[in-house]
Amino acid sequence: MENFPQLVPLVVFVPLIGLLINLFLGKYLGERGVSIVAVGAAAIAFAVAILLWMALAANGYEAAVVEIRPLANWITIPGAALDIKWQFRVDTLSVTMMLVVAGIGSLIHLYATGYMHGDPLFPRFFVYLNLFLVFMMILVTGNNFLVMFVGWEGVGLCSYLLISFWWDKRQPDRKFGTVGWKNSLAGRKAMIVNRIGDFGLLLAIFLIFWTFGTLDYYKPGEVPILPAHGEAATHGEAAHSEAEATHGEGEAGMPAAAEGLPLAATMGVFNQAELMLQQGAEVHFGPFTLPISTVITLATLLMLLGVTGKSAQIPLFVWLPDAMAGPTPVSALIHAATMVTAGVYLIVRSNVLFHAAPVSSAVVALVGTFTALVGGFIALGQWDIKRVLAYSTVSQLGFMVAAAGLGAYGAAMFHLVTHAFFKALLFLGSGAVIHAMEHGHHHAHEVAHEYGGHHSDDLPDLPFDPQDMRFMGGLKERMPRTYRAYLIGMLALAGIFPFAGFWSKDEILLDALKVGFLNGRLEGYIAFGLLLVSALFTAFYMGRQVYMIFHGEPRTEAAKYAGERGGGMNVMVNVLIVLAIGSTLIGLINVPTGFWVVDRIVPNHVFTDFLAHTVVYAHAGSANMLLAFIAVFGALAMIYLARILYRKQAVVQGTRDPLEVNPQTAGIFTLANARLYWDETYDRYLEQPFNRAAAWLGDRLDWAFLHDFVHDVLIRNAYNALGRVLATPVDLGLIDGAVNGLGRLVRRAGGAVRRLQTGYVRVYALSVLLGALLIVVLLVAPLLQQALGG
């Protein structure tokens, strides 16, 4: 097993080979062949990730850095001291992400073979999915920030391609005209919003390189050193796990730099940061100098801007709900389980820097907390089944980011893992429901046509939409396996014991409680209170969704004829069952100590201990039974409240929600349904001013001032005036005059000389005589002068 880490390039190159095969041969392979290649590539990548995990366990969790010769010297500029290598890093954090991406990705690939059955762009869809796996694996396996950024941008590109995958749909849309146009705009919105965040991340990378002279996390063979500049208690619990004690070298934990080599050649960013913080170093930026602690704060705040874009945090979360325009497997894989967690991965990977920047960490915690609250609140009032889950994803990402800001890096990654299972389950379950509703709608139409009748699934003032929960109802009996799987996903997301979300969400709440009430930090108080409210929102909107979709009576013919039959439905439901098992059991990998009798049955905080071999500031905690009871009781109460409101009267008075009808809650529902007018606020205070400014710049500055005045008036007229001056006085007057005058002078001189040409010999003889006399005079005169003078 010691050579297993050498296999890590395969997690990138196997999906790459898969996409190339489908890209060039897909149209000849058929759906079955394309499916085998694409799903096989993802499954092999997952198998390699398992082997890497086994290798880590066998090697005492020692990290390995792997190079492949063609990419070893990726960017090298000796004169600029720039040497960036393309290295693959195998450690507990990267392997965790590989397992999640490839494991969940394989299941979603398999699900997509059923969901996309019959789509004319079937091969292209799987090319995009494999391409996404390639870039996501680059993101998590890179050993430096620049390789990570390549993957970061690559997954953004795949997100854009897949959101607007159905850009040519001609179906009418109430707001955008056609569905295809709406999909195109959604893809463009995601691309533009993410570029804003990426700009911040790029600046952070530049700042890191300027400060440390390298972008490598750690050099090959280098191990994380023990923090000696401050105590971990500033970020929560000081009790690091036992695994952390294996880090570091010597008393100070500082590895000695190789003699004669610059520090950047022997130490990565994180160990250099620890060393410079101990020494109180300063960083010189030409005319000014900043302490290293200030530089790290700036770098981490710039990183946060990148996180807000990629992980859909306030204020840049607006793109994620619109991203649901893509096919449902895309929503599950990219916009719920993997890509959007890249921001959380970035913070946890850079935990050394964030731990050294308490201001940045506090900002991160507050951004995550308010994102969790806002996302959860908006989800309360949405009708679209996927939009509810999209805002739920925004909210859960907020939980992860808040945990990372509070220093609970282990809890953040734990929630990332559990969330990947149950959110993928819920998205794919919603895809099965949408699929069944579309088939039910078509079936009802065919039945009506067969009997010569008319069929309509429209509601009053509302045309049929297979994703709108108001058209559903009563699917529990028609889709029993989907219902049971979806119910498990709902309970896991709501944090009900013993499902996966209970363990991870409870750990985040516990960390917030400790940071606030034990360490006395303001962000801890705020995070605990608001995250607890967000958890209650989660339970309510998920209860509302389950009761509206599966309970009560069918509200349309489409719902009556929906079922788990045909169209690849069997494959889709089988994947749901596997994910439901994972959503039930995956939380047991990190059971805290002191939790009732469970901690005596399963090993405690296995996942955090595993992670702590890489994440220096990860720590494991013990259970708080009172908090666990309050969280579970509150969630159950919210689900029961949803049951009261939605079980039988899912919608009342046509298409109105019970909360909307009730005068006491109508205002709250309107705010949630309107998404807190967030998009309108963007439109009014950002887009419209920007458009007006662009119009002014275009019409006034560019056209009227630059074109009409500067170009036409100043430049053109000045040029014409100068041309006239050069043409008349200078060219015609001076130059032509001089040339013409010279010609006239020559002509006159020639005329004067011409008079001497008489044609008489005597005149020429006299001229010769006079010339000869002149020569004699010129020869004799000096002699006479000399003789007289002498």
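Biologist: Which residues lie nearest the centre of the second largest pocket?
Modeller: This is a predicted model, with residues numbered from 1 along each chain as its sequence is written; local features need pLDDT of at least 70 and side-chain atom pairs count only at pLDDT 80 or more, while totals for chains, interfaces and linings use all residues. Side-chain values use heavy atoms, with hydrogens and water left out. A pocket is an open set of points on a 1 Å grid over the protein atoms alone, with protein on both sides within 12 Å along at least five of seven lines, and its lining residues have an atom within 4 Å of a point. Here the lining has 19 residues, and those nearest the centre are Trp-53, Leu-99, Val-417, Ile-586 and Ile-589.

Biologist: Which element gives the most to the lining of the second largest pocket?
Modeller: Helices (H or I, at least four residues) and strands (E, at least two) are DSSP runs, numbered from the N terminus. Those giving two or more residues to this lining are H1 (10–58), H3 (92–115), H16 (409–450) and H24 (606–612). With 6 residues, the one that gives the most is H3.

Biologist: How much space lies in the second largest pocket?
Modeller: Grid points are joined across faces, edges and corners, and the volume is the space filled by probe spheres set on them. For this pocket, that comes to about 590 Å³.

Biologist: Which residues have the most contacts inside the largest nonpolar core?
Modeller: A nonpolar core is a set of buried (under 20% relative accessible area, 1.4 Å probe, protein chains only) Ala, Val, Leu, Ile, Met, Phe, Trp, Tyr and Cys residues, joined through side-chain atoms within 4.5 Å. The largest one holds 240 residues, and its largest share, 20 residues, comes from H16. Those with the most contacts inside it are Phe-145 and Leu-475.

Biologist: Which residue of S8 stands opposite Val-283?
Modeller: Strands pair if DSSP finds at least two bridges between them. S7 (residues 282–285) and S8 (residues 288–291) run antiparallel, joined by 4 bridges. In S7, Val-283 and Phe-285 form the covered face, while Glu-282 and His-284 form the uncovered one. Across from Val-283 stands Leu-290.

Biologist: And what is the bridge partner of Val-65 in S4?
Modeller: S1 (residues 64–67) pairs with S4 (residues 87–90) over 4 bridges in the antiparallel sense. The partner of Val-65 is Arg-89.

Biologist: Where does Pro-498 lie?
Modeller: Its peptide bond from Phe-497 is cis, with omega near 5°. Pro-498 is found in the loop between helix H18 (480–494) and helix H19 (500–518).

Biologist: What is the omega of the peptide bond joining Ile-314 and Pro-315?
Modeller: Pro-315 lies in the loop between helix H9 (292–310) and helix H10 (319–322). The bond is cis, and omega is about 5°.

Biologist: Is His-605 buried or exposed?
Modeller: His-605 sits in the loop between helix H23 (598–601) and H24. Its phi is near 30°, a positive value in a residue other than glycine. Since its relative accessible area is 18%, His-605 counts as buried.

Notes
On a 1 Å grid over the protein atoms alone, a cavity is a set of points where a 1.4 Å probe fits but cannot get out, and a pocket is an open set with protein on both sides within 12 Å along at least five of seven lines; lining residues have an atom within 4 Å of a point. Buried means under 20% relative accessible area, exposed over 50%, partly exposed in between (1.4 Å probe, protein chains only).
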